[in-house]
Amino acid sequence: MKIGVPKEIKNNESRVGITPAGVFELTKRNHTVFVQTQAGFGSGFFDEDYLEVGAIILLTIEDVYASSDMIVKVKEPIESEYGLIKPDQVVFTYFHFASSEVLTKAMIDSKAICIAYETVEDADGSLPLLIPMSEVAGRMSIQQGAKYLEKPIKGRGVLLGGVPGVPPGKVLVLGAGIVGIQAAKMAAGLGAHVTIMDINMKQLRYVNDVMPNHVVTEFSSEYNIRKRIKETDLIIGGVLIKGAKAPKLITKDMLKDMHPGAVIVDVAVDQGGCFETTKATTHENPTYIINDVVHYCVANMPGAVPHTSTVALTNVTLPYVIKLANEGWETACRNSLPLSKGLNVVKGKIVYKEIAEAFNLELSV
Ligand SMILES: NC(=O)c1ccc[n+]([C@@H]2O[C@H](COP(=O)([O-])OP(=O)(O)OC[C@H]3O[C@@H](n4cnc5c(N)ncnc54)[C@H](O)[C@@H]3O)[C@@H](O)[C@H]2O)c1
């Protein structure tokens with residue numbers, strides 16, 4: 001199959017859809033891979049790295065789309081790419097269709113086969129192509145939180161690990177899912193005192209089993225949260241209720257109970273956030289302060305570490321890319337339930353229920 005890897009052109013997106021390691025696996029199987037020049041640059045991969053494993057470097061994005069049977073990307077196509085997508089071309093990327101009617105209609109018009117990373121689903125309901133980004137964001141949340149606790153950037157002036165003779169900082173993690181567990185692990189590694197809360201006892205039992213003793217589990221309730229925030233230096237928001245807005249676990253009036261200069265990192269900002277005072281920020285301007293509490297609410301945290309994020313993402317997408325290339329999309333989706341769940345728009349028809357419902361459009365089955 002002819003596979004194309006365009007350079008991402010969405011603002012501030014430095015990840016790339018396939019790494020040289022991925023190209024190596026594809027060319028080994030006699031597939032042809034077209035990579036747009038500089039596509040991997042932002043993630044630390046150079047044209048020479050791709051050439052070495054048999055990729056063909058093309059100069060323009062137009063050439064990449066025109067030459068390929070399947071496009072492998074990271075972010076949804078933006079408007080200038082809509083016209084480049086051909087009928088029957090497979091596009092494998094994050095789409096997040098439900099958040100854009102314009103994109104949905106453009107992909108219907110394109111008559112392409114759109115397979116969305118975010119809806120590829122394992123038999124147990126987990127979303128394998130979203131997990132690595134939660135892992136990155138969870139780990140990063142502590143790195144960012146520790147930084148914004150520093151005084152020169154308006155934080156409380158607390159070193160999370162403490163020093164001999166000075167107790168460590170206190171971290172509260174809301175949600176013991178992928179983000180929460182990775183955050184707790186990082187905070188514990190720095191020597192902080194960590195409390196992690198969830199409403200799912202199974203998750204809390206797991207955390208209790210695998211984490212060191214200075215990571216304490218506590219059931220998530222308003223009473224417990226109100227009590228705990230009074231002593232906390234850093235709060236991480238990592239809750240998720242699938243398909244719904246995040247619950248507001250910390251209201252504006254609760255901020256006055258926190259230490260001035262305490263920091264909250266709301267990773268769940270992409271689902272509306274679990275703090276009442278959350279509003280999405282960017283890497284250029286990541287924080288704001290309300291009631292003396294520093295808020296960090298960047299909606300695409302993995303974008304700041306494109307090398308790690310690209311490798312983490314492509315580790316999990318590559319097996320699907322290989323399957324699609326080897327078998328063609330129809331056979332591959334027939335043989336793989338997770339991949340079939342990724343089908344969102346096929347040759348002008350919406351085949352994913354939630355997308356049709358989101359815009360009152362017709363669903364084809
Ligand atoms: N900002 C970013 O860049 C970024 C990156 C990746 C993920 N995210 C977001 O982070 C959030 C968490 O993702 P995840 O992969 O960890 O989800 P997850 O499903 O693995 O975990 C969410 C956890 O929240 C728990 N929860 C639900 N209600 C709760 C409550 N009232 N109190 C405490 N815990 C509660 C659930 O039981 C679950 O264990 C999602 O909104 C996700 O989209 C953001």
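## A first look at this chain

Leaving aside neighbours within four places in sequence, Leu-172 is in contact with Thr-195, Arg-228, Ile-229, Thr-232 and Ile-235. Leu-172 sits in strand β7, and this residue is one of the places we will visit in what follows. Please keep in mind that the model is predicted. The chain has 365 residues, of which 47% count as buried, and the domain assignment gives domain 1 (2–120 + 306–359) and domain 2 (131–304).

**Overall build**

- The secondary structure of the chain comes to 12 helices and 15 strands.
- The radius of gyration is 22 Å, close to the 21 Å that the globule rule gives for 365 residues, so the chain is as compact as a globular protein of that length.
- Along its principal axes, the C-alpha trace spans about 65 × 45 × 35 Å.
- Among contacts with a separation of 6 or more, 63% are between residues 24 or more positions apart.

**Two domains**

- Domain 1 is written in two pieces, 2–120 and 306–359, while domain 2 covers 131–304.
- Taken over C-alpha atoms, the centres of domain 1 and domain 2 are separated by 33 Å.
- Where the domains meet, 10 residues of domain 1 are in contact with seven residues of domain 2.
- On the side of domain 1 that touches domain 2, the residues divide into four nonpolar, five polar and one charged.

**Around the ligand**

- The ligand is surrounded by 31 residues, and the closest are Ser-134, Gly-175, Gly-177, Val-179 and Ser-220.
- Two or more residues of this shell come from each of α6 (131–148), α7 (178–190) and β8 (193–198).
- By type, the shell around the ligand holds 19 nonpolar, 10 polar and two charged residues.

**The nonpolar core**

- In soluble globular proteins, nonpolar side chains tend to be buried together.
- Here the largest nonpolar core has 109 residues, and Ala-184 and Ala-187 touch the most other members.
- Both domains take part in this core: domain 1 (2–120 + 306–359) and domain 2 (131–304) each give at least three residues.
- Beyond its neighbours within four places in sequence, Ala-184 is in contact with Val-173, Val-194, Ile-196, Val-207, Met-211 and Val-215.

- Leu-172, in strand β7, is buried because 27 other C-beta atoms lie within 10 Å, and 20 or more are enough to count as buried.
- Leu-172 and Thr-217 are 45 residues apart along the chain, and their C-alpha atoms are separated by 9.9 Å.
- Cys-274 is placed in the loop between β11 (263–266) and β12 (287–290).
- Although Cys-274 is in a loop, this residue is buried, with 26 other C-beta atoms within 10 Å.
- Not counting residues up to four places away in sequence, Cys-274 touches Leu-174, Gly-237, Val-239, Ala-246, Pro-247, Lys-248, Leu-249, Ile-250, Asp-266 and Ala-268.
- Cys-274 and Gly-17 are 257 residues apart in sequence, and in space their C-alpha atoms are 31 Å apart.

**Positive phi in the loops**

- Most residues other than glycine have a negative phi.
- Asn-30 has a phi near 70°, a positive value in a residue other than glycine.
- You can find Asn-30 in the loop between α1 (20–28) and β2 (32–36).
- Asn-30 counts as exposed, because 10 C-beta neighbours lie inside 10 Å and 12 or fewer is the limit for that label.
- Lys-154 also has a positive phi, near 75°, and is likewise a residue other than glycine.
- The loop that holds Lys-154 runs between α6 and β7 (170–174).
- Lys-154 is partly exposed, with 17 other C-beta atoms within 10 Å.

**An exposed residue in a helix**

- Asn-335 has its place in helix α10 (residues 306–335).
- Having 11 C-beta neighbours inside 10 Å, Asn-335 counts as exposed.
- Asn-335 and Ala-66 lie 269 residues apart along the chain, with 28 Å between their C-alpha atoms.

Methods. Residues are numbered from 1 along each chain as its sequence is written. This is a predicted model: local features need pLDDT of at least 70, side-chain atom pairs count only at pLDDT 80 or more; totals for chains, interfaces and linings use all residues. Helices (H or I, at least four residues) and strands (E, at least two) are DSSP runs, numbered from the N terminus. The radius of gyration is taken over C-alpha atoms; the globule rule is 2.2 Å times the number of residues to the power 0.38. Two residues are in contact if their C-beta atoms, placed from the backbone, lie within 7 Å. A residue is near a molecule or strand if its C-beta atom, placed from the backbone, lies within 6 Å of it. Ala, Val, Leu, Ile, Met, Phe, Trp, Tyr, Cys and Pro count as nonpolar, Asp, Glu, Lys and Arg as charged, and the others, Gly among them, as polar. A nonpolar core is a set of buried Ala, Val, Leu, Ile, Met, Phe, Trp, Tyr and Cys residues joined through C-beta atoms within 7 Å. Domain bounds come from an automatic or database domain assignment.
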